[in-house]
Every structure is written in structure tokens, then in C-alpha cells.
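Please read it alongside the sequence and the structure shown here.

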Amino acid sequence: MSRAKRIGVLTGGGDCPGLNAVIRGVVKAAVYKYDMDVLGFLDGYAGLLKDNFIRLDGDKVSGILPRGGTILGSSNRDNPFRVPEMENGELIFRDRSDEAIKTLERHGLDGLIVIGGDGSLAIASQLMGKGVMVIGVPKTIDNDLGSTDVTFGFDTALVTATEAVDKLHTTAESHHRIMVLEVMGRYAGWIALQSGLAGGGDIVLIPEIPFVIDRVIDAVRERTYRGRTFSIIVVAEGAIPAGGSAVVKQVVKESTDPVRLGGIGGWLANELEQRIEAEVRVTVLGHLQRGGSPTAFDRVLATRFGVAAGEAAVKEGWGIMVALRGTEIVNAPLGEAVSQLRRVDPNSELVMAARAVGTCFGD
Ligand code: F6P
């Protein structure tokens with residue numbers, strides 16, 4: 001049986017704790033055990049277009065396990081199928097995927113491991129359609145990728161968000177305030193739901209359960225009636241007022257994911273301040289959720305994903321995304337994994353448990 005001898009690796013999309021642990025896992029599995037050559041392309045797909053890479057060996061990955069970010073750099077703007085260029089003063093998008101593929105061919109690579117979220121993995125899937133051998137590794141703090149129970153990076157973001165909920169409690173209690181915490185997650189409410197549950201948030205607003213502002217106000221008033229002089233609201237950046245739409249901060253045309261959500265926390269605070277006596281303060285947690293050293297859970301998961309991707313490459317098991325199902329690492333078809341987002345099920349046991357401990361979802 002033939003086996004792969006040279007592979008490429010890249011990290012695409014927003015950075016996330018655990019990327020380095022995956023890179024290390026891939027390299028250790030492929031180089032130490034099978035003596036493969038591994039090229040790391042820099043800054044996501046830009047590295048393929050610019051033929052910008054480093055050779056990854058044991059020395060390069062030594063000591064990177066606990067480091068956040070990615071030693072390869074990343075980008076969510078460099079889609080080889082849609083490269084922005086100015087032509088006669090106008091922004092146009094050009095398909096330069098053939099150039100990216102030529103880079104892989106020039107280096108005699110058997111295939112490419114793409115560590116990314118839905119945008120980067122969808123591009124990987126498109127490259128696969130043009131004959132490139134790819135393997136995906138599911139990365140994102142949003143935890144919204146299909147075919148896997150969890151993505152690496154989520155746990156670290158969750159710990160950061162939970163710490164924020166804990167810390168906001170002290171000011172909320174001391175000043176009898178309503179503290180609003182806006183967290184990331186795009187169109188999925190995993191970070192908001194689970195940090196709200198872990199930190200004892202009183203009101204949790206997620207995209208999957210549109211909220212009614214009157215219900216949120218009722219919940220705060222009911223707490224006051226019961227002698228609770230403060231409230232903690234955890235709101236996902238993608239939360240939607242019933243009949244309305246998500247608050248968009250910015251549209252970045254060149255991005256693989258052009259819509260930047262953000263601002264719902266401020267909107268909510270403004271609505272509450274007009275109708276409730278208590279003072280309201282907003283914290284937008286932002287990129288703190290993507291930063292720092294991965295948790296032990298993320299280091300272990302990322303390492304397992306990296307090793308599984310390296311092993312799959314050696315065995316030429318292309319066209320898959322490594323995934324966690326229950327306690328097992330499995331190979332899921334890449335096309336299936338990128339075909340739909342995994343969002344919170346409003347009828348799930350998780351949501352029911354939150355409701356059972358008194359969490360209000362504003363519905
Ligand atoms: O997908 C990860 C994520 O952090 C989202 O939660 C957030 O909406 C987005 O990326 C922010 O992107 P950027 O870093 O480009 O502002």
C-alpha cells in the first residue's frame with residue numbers, strides 16, 4: 001500500500017487556543033513515527049498563494065503545546081477562490097485557486113491538513129472538488145461545526161467567559177446593578193448558554209431562542225420582588241430580539257465570513273435603562289475569549305485531533321474531518337461536516353437544565 005510522504009498544514013480563520021497543540025500533534029505523529037516531511041503554510045491560505053511556508057520538525061514544535069494563537073499565523077481574508085483585487089478603482093474578486101494548487105504540486109505534497117472553522121473547511125472542501133487531497137481539523141471557540149460533538153478552543157473560551165460572569169457578580173452585588181456580558185459565538189449560543197449555566201447567570205440570551213425585551217424586564221423585576229438586588233445577563237453576540245435581527249457591527253467584504261456581529265449588549269442596556277430603575281453596565285468580552293493558553297481539556301482534544309489527522313494523512317484517508325463523538329475520535333466526511341452549523345437545540349436537556357435552575361431565556 002502506498003503511503004503519503006509529504007504533507008502541508010495550515011491554520012485558517014480566527015485564531016483559537018489549541019491551534020499549536022494540533023500542529024504539534026500532526027508533526028509528532030507524522031514526522032517522529034513515519035518520517036514524513038511537513039510544510040507549514042503561513043497565514044492561512046495566503047501561504048499557499050504566496051508560497052510562504054516553514055518546514056515543521058520536532059524543534060519547531062517543541063514548547064508550543066501551552067501557547068495560544070498559532071505559530072503558523074492565520075487569516076480569515078484569504079480565500080483562494082475569492083481573492084480581492086482593485087480593478088479600475090473597483091473591488092473585484094478573482095478565483096486564484098489554481099495558483100494555490102500549483103504550490104502544493106510544486107512541493108510534491110501528497111495532501112493538505114487544514115485546521116479551521118466552517119469558512120476554512122468549506123474552502124478545503126472546494127479544493128477537494130478540484131482534486132486536492134485534504135483532511136480537516138475542527139477549530140473554533142464558537143463550537144458550531146457539524147459532525148463533531150465539540151471543537152477545540154471552545155472549552156478555553158468557556159472558562160474565560162465563566163470567569164467574567166463570576167467577576168461581574170461582585171460589582172453587581174455591591175452596587176445593586178444589572179451587569180450585561182456580551183460574549184462571542186456568532187450564530188450559535190454555546191458560549192453564552194454554558195458560561196451562563198456555569199457562572200449562575202440570571203438571564204441568558206442566545207440566537208436559537210429569540211427574546212422579548214418585556215420578558216427580560218419581567219425577569220429582572222421578579223428578582224427584585226424576591227429580594228435579589230442585582231441581575232447578571234449573559235447575551236450572545238448573535239442573540240435576536242423576537243421579530244428583529246442580529247446586531248451587526250461591521251461588514252468585511254474581503255472576509256471568508258463577512259458579517260461581524262456585535263453591539264447587542266449595548267442595545268440591551270439602553271432598552272433596560274429606559275424602563276428599569278437600576279443602573280446597567282455592559283462588558284463586551286471580545287477577543288479575550290480567543291486568547292491565552294488552552295485549558296487542559298483543549299490541549300488534550302487538540303493533541304488527539306492532531307495525531308488523528310497525521311495518522312489519517314499517512315494512511316491516505318483524505319476527504320475527512322477528524323471529530324469527537326462521545327469519547328472517541330472518528331473520521332467524518334468533510335463535505336458533511338461543513339454542510340451545516342451545529343447550534344443549540346432549544347429543546348435539549350442542556351436548555352431544560354438551565355430553565356430548571358431558574359435561568360430566563362427572555363422567551
Ligand atoms: O468565529 C470565531 C469568532 O471569534 C466569533 O465568535 C466572532 O464573531 C468572530 O470570530 C470575530 O472575528 P474577528 O476576529 O474577525 O473580529
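This is a predicted model: local features need pLDDT of at least 70, side-chain atom pairs count only at pLDDT 80 or more; totals for chains, interfaces and linings use all residues.

## Aromatic rings and their partners

Phenylalanine 93 has the charged end of arginine 82 sitting over its ring, 3.8 Å from the ring centre. A second contact of this kind involves arginine 223, which lies over the face of phenylalanine 230 at 5.1 Å from the ring centre.

| Pair | Distance between ring centres | Angle between planes | Class |
|---|---|---|---|
| Phenylalanine 41 and phenylalanine 53 | 6.0 Å | 55° | tilted |
| Phenylalanine 152 and phenylalanine 305 | 6.5 Å | 65° | edge-to-face |

The pair of phenylalanine 41 and phenylalanine 53 is tilted because its planes stand at 55°, and a pair counts as edge-to-face when the planes are over 60 degrees apart. Phenylalanine 41 belongs to strand 2 (residues 37–41) and phenylalanine 53 to strand 3 (residues 53–56), so that this pair links distant parts of the chain, 12 residues apart. Phenylalanine 41 is buried, with a relative accessible area of 0%, whereas phenylalanine 53, at 26% relative accessibility, counts as partly exposed.

The rings of phenylalanine 152 and phenylalanine 305 have their planes at 65°, and the pair is therefore edge-to-face. Because phenylalanine 152 lies in the loop between strand 7 (134–138) and helix 6 (154–175), while phenylalanine 305 lies in helix 10 (residues 296–314), the pair ties together parts that are 153 residues apart in sequence. Both phenylalanine 152 and phenylalanine 305 are buried.

Definitions and conventions: Residues are numbered from 1 along each chain as its sequence is written. Side-chain values use heavy atoms; hydrogens and water are left out. Rings of Phe, Tyr and Trp (its six-membered ring) pair if their centres lie within 6.5 Å; planes under 30 degrees apart count as stacked, over 60 as edge-to-face and the rest as tilted. Helices (H or I, at least four residues) and strands (E, at least two) are DSSP runs, numbered from the N terminus. Buried means under 20% relative accessible area, exposed over 50%, partly exposed in between (1.4 Å probe, protein chains only). A charge sits over a ring if NZ of Lys or CZ of Arg is within 6 Å of the ring centre and within 35 degrees of the ring normal.
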